[in-house]
Amino acid sequence: MRADQINDSGETSYKFTHTIDGKAEGSDKTFGVINPATGAVFAQCPDASREQLERAVATARRAFKDWSRLSFAERRGYLHRLAAKVRERAEEIAAVITRELGKPLSNSIREMAGTAASLEQMANLEVKDEVMRDDGKNRITMSFRPMGVVGAIAPWNVPVALASHKIAQGLITGNTLVLKPSPYTPLSTLLVGEISREVLPPGVFNVIAGGNDLGQWITEHPGIDKISFTGSVATGKRVMASSAGTLKRVTLELGGNDPAIMLDDVDIDTMTAKIFGGAFANCGQICMAVKRVYVPEKMYEPVLESFAKLAGALRVGDGFEPDVQMGPLQNKMQYDKVLDVLEDTKRRPEARIVAGGNTLNRPGYFLQPTIIADLKDDARLVTEEQFGPILPVLKYKDLDDAIARANDTRMGLCASVWTNDKKRGAEIAARIEAGTVWINHHVGSEADVPFGGFKESGMGREHGVMGLQAYMEAQVINVPAA
Ligand code: NAD
């Protein structure tokens with residue numbers, strides 16, 4: 001999709017297509033994709049039928065035979081060529097991300113660079129056989145076999161990068177893929193499918209867009225062997241339930257309510273700036289964003305002041321406007337949900353709005369970056385994943401109490417501890433119930449480091465060799481010596 005295919009109102013008549021069996025396909029039905037900076041539909045997306053899913057699964061099953069026989073090195077070559085093609089069209093896809101998601105164009109360009117890098121870095125990993133025993137009587141090895149067809153279901157908040165993790169892990173391990181992007185941000189991922197037709201053998205990688213019902217059909221489909229799902233806790237539970245009918249292997253990367261615990265030995269302005277970045281990036285719509293901050297009582301007011309300054313200085317607007325640092329919320333449903341949490345917060349007598357607290361007087365789903373002080377622990381803004389630009393800053397007297405409060409949640413994706421004493425920080429980290437705990441930073445994803453959540457934040461791990469193994473079946477081979 002070129003820039004000259006977009007009119008002055010930002011609309012495009014470009015024909016986005018599914019990728020099935022290496023070919024472009026439209027659908028009889030389409031649905032409108034909304035630009036969250038205007039609230040208006042700017043493009044049409046094909047809406048895959050059940051019959052198209054059937055053909056996507058059938059072609060993926062056929063392609064599995066040859067693809068699964070290739071070596072890691074051969075599959076790596078394909079994925080590196082895909083990464084190179086993605087780089088060639090990165091700017092074009094980044095512009096589509098900003099139009100459908102709203103975030104600043106520079107962030108979308110970064111997402112595309114991350115996408116190409118993830119495709120390469122994950123493809124560079126390899127799962128090797130393990131010798132379990134070799135004692136003269138038996139040689140017992142454990143090998144890992146591709147599973148078959150992976151159904152990959154992605155969310156809207158970082159659409160292409162999160163999909164690329166599933167593409168890379170699914171394909172390098174010898175599986176074939178049917179990928180469904182979110183109906184809120186399907187177009188950028190359809191373009192990745194378009195690119196893949198030039199590089200991958202037909203049927204290996206299929207991308208079909210559609211609504212939530214398409215997601216459910218994928219999870220129920222007997223021709224699909226594994227589900228890799230990233231999305232909300234509520235949907236994750238549904239995915240697990242409907243995958244149970246065929247006992248699919250399931251990896252769930254779900255929501256978070258990440259705490260950041262500040263200790264009393266830090267430089268306030270340095271640390272608040274970093275925590276602020278970890279809370280408000282992508283308009284707070286990141287699974288592993290900072291969602292609650294715990295601050296020692298004696299530093300509370302200066303910390304609030306520092307956060308208020310940062311919030312006041314953040315430039316909010318359409319992601320295509322120059323110098324904008326934060327865009328709108330991505331969709332009306334999320335906007336209404338965040339406003340509902342904000343209204344609930346405002347109704348609480350103890351709540352103090354330190355910065356923001358209002359929508360912007362313009363079309364689209366814009367909200368000021370908002371800092372709330374003095375909330376009690378049972379406030380919805382503290383107990384729920386807000387997934388938006390509102391941050392509760394909570395006071396603590398006793399560190400053990402802060403750790404207990406940080407752990408008092410059904411979620412456990414990530415957390416961070418902020419201190420100049422890294423050893424003390426690591427000791428505290430070990431007491432926090434979360435899949436990743438950072439010291440003095442928050443938000444990040446590494447291709448070779450397992451990522452996933454404790455408790456209701458997920459099931460299993462993605463990334464790293466451990467992540468790849470989750471796309472494979474372990475097979476023991478036991479050979480007697482004699
Ligand atoms: P969502 O659960 O609403 O949707 C995710 C995907 O699931 C979409 O493609 C959707 O169409 C599909 N879907 C919806 N109903 C389905 C069903 N019944 N069966 C199968 N698929 C179905 O999530 P979202 O709003 O797109 O994403 C935001 C959530 O994702 C947040 O909670 C966020 O924390 C979480 N998230 C987690 C991670 C992680 O790595 N842990 C990363 C990003 C986002």
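A polar backbone atom of Gln216 sits 3.4 Å from a nitrogen atom of the ligand in this predicted model. Another nitrogen-to-backbone pair involves Leu254, where a polar backbone atom is 2.7 Å from a nitrogen atom of the ligand. Ala154 takes part through its backbone as well: one of its backbone N or O atoms lies 2.7 Å from an oxygen atom of the ligand. The ligand on its own has 850 Å² of accessible area, and the protein covers 92% of this.

The surroundings of the ligand can be described residue by residue or by element. In total, 28 residues surround the ligand, and the closest are Ala154, Asn212, Ser232, Leu254 and Glu385. Sorted by class, this shell holds 14 nonpolar, 11 polar and 3 charged residues. Three elements, α7 (212-220), β10 (226-230) and α8 (233-243), each give at least two residues to the shell. The largest share is that of α7, with 3 residues.

The next step is to look at the domains. The domain assignment of the protein chain lists domain 1 (3-254 + 457-477) and domain 2 (258-446). The C-alpha centres of domain 1 and domain 2 are 30 Å apart. Where the two domains are in contact, 25 residues come from domain 1 and 29 residues from domain 2. Both domains also take part in the shell around the ligand, each with at least three residues.

Two residues deserve attention for their backbone angles. Most residues other than glycine have a negative phi. Cys283 is not a glycine, yet its phi is positive, at about 60 degrees. Cys283 belongs to the loop between α9 (268-280) and β13 (290-296). Its relative accessibility is 3%, so Cys283 counts as buried, the cut-off being under 20%. His463 is the second case: its phi is near 75 degrees, again a positive value in a residue other than glycine. The position of His463 is in the loop between β21 (458-459) and α15 (464-469). Is His463 buried or exposed? With a relative accessibility of 4%, His463 counts as buried.

Another loop, between α11 (332-347) and β14 (352-355), contains Arg348. Arg348 counts as buried because its relative accessibility is 19%, and the limit for that class is under 20%. Which side chain does the side chain of Arg348 meet in a polar contact of 2.5 Å? The partner is the side chain of Asp378. Once residues up to four places away in sequence are set aside, Arg348 touches Leu375, Lys376, Asp378 and Ala379.

The last stop is Val479, in strand β22 (residues 472-480). Val479 has a relative accessibility of 44% and therefore counts as partly exposed; that class runs between the 20% limit for buried and the 50% limit for exposed. In sequence, Val479 and Asn138 are 341 residues apart, while their C-alpha atoms are 5.6 Å apart in space. With neighbours within four places in sequence left aside, Val479 is in contact with Lys137, Asn138 and Arg139.

Conventions
Residues are numbered from 1 along each chain as its sequence is written. This is a predicted model: local features need pLDDT of at least 70, side-chain atom pairs count only at pLDDT 80 or more; totals for chains, interfaces and linings use all residues. Side-chain values use heavy atoms; hydrogens and water are left out. A residue is near a molecule or strand if one of its heavy atoms lies within 4 Å of it. A polar contact is a pair of N or O atoms within 3.5 Å; within protein, one must be able to donate a hydrogen and the other to accept it, and residues adjacent in sequence count only if both atoms are side-chain atoms. Accessible areas come from the Shrake-Rupley method with a 1.4 Å probe; for residues, only the protein chains shown count as cover. Helices (H or I, at least four residues) and strands (E, at least two) are DSSP runs, numbered from the N terminus. Ala, Val, Leu, Ile, Met, Phe, Trp, Tyr, Cys and Pro count as nonpolar, Asp, Glu, Lys and Arg as charged, and the others, Gly among them, as polar. Domain bounds come from an automatic or database domain assignment. Buried means under 20% relative accessible area, exposed over 50%, partly exposed in between (1.4 Å probe, protein chains only). Contact means heavy atoms within 4.5 Å.
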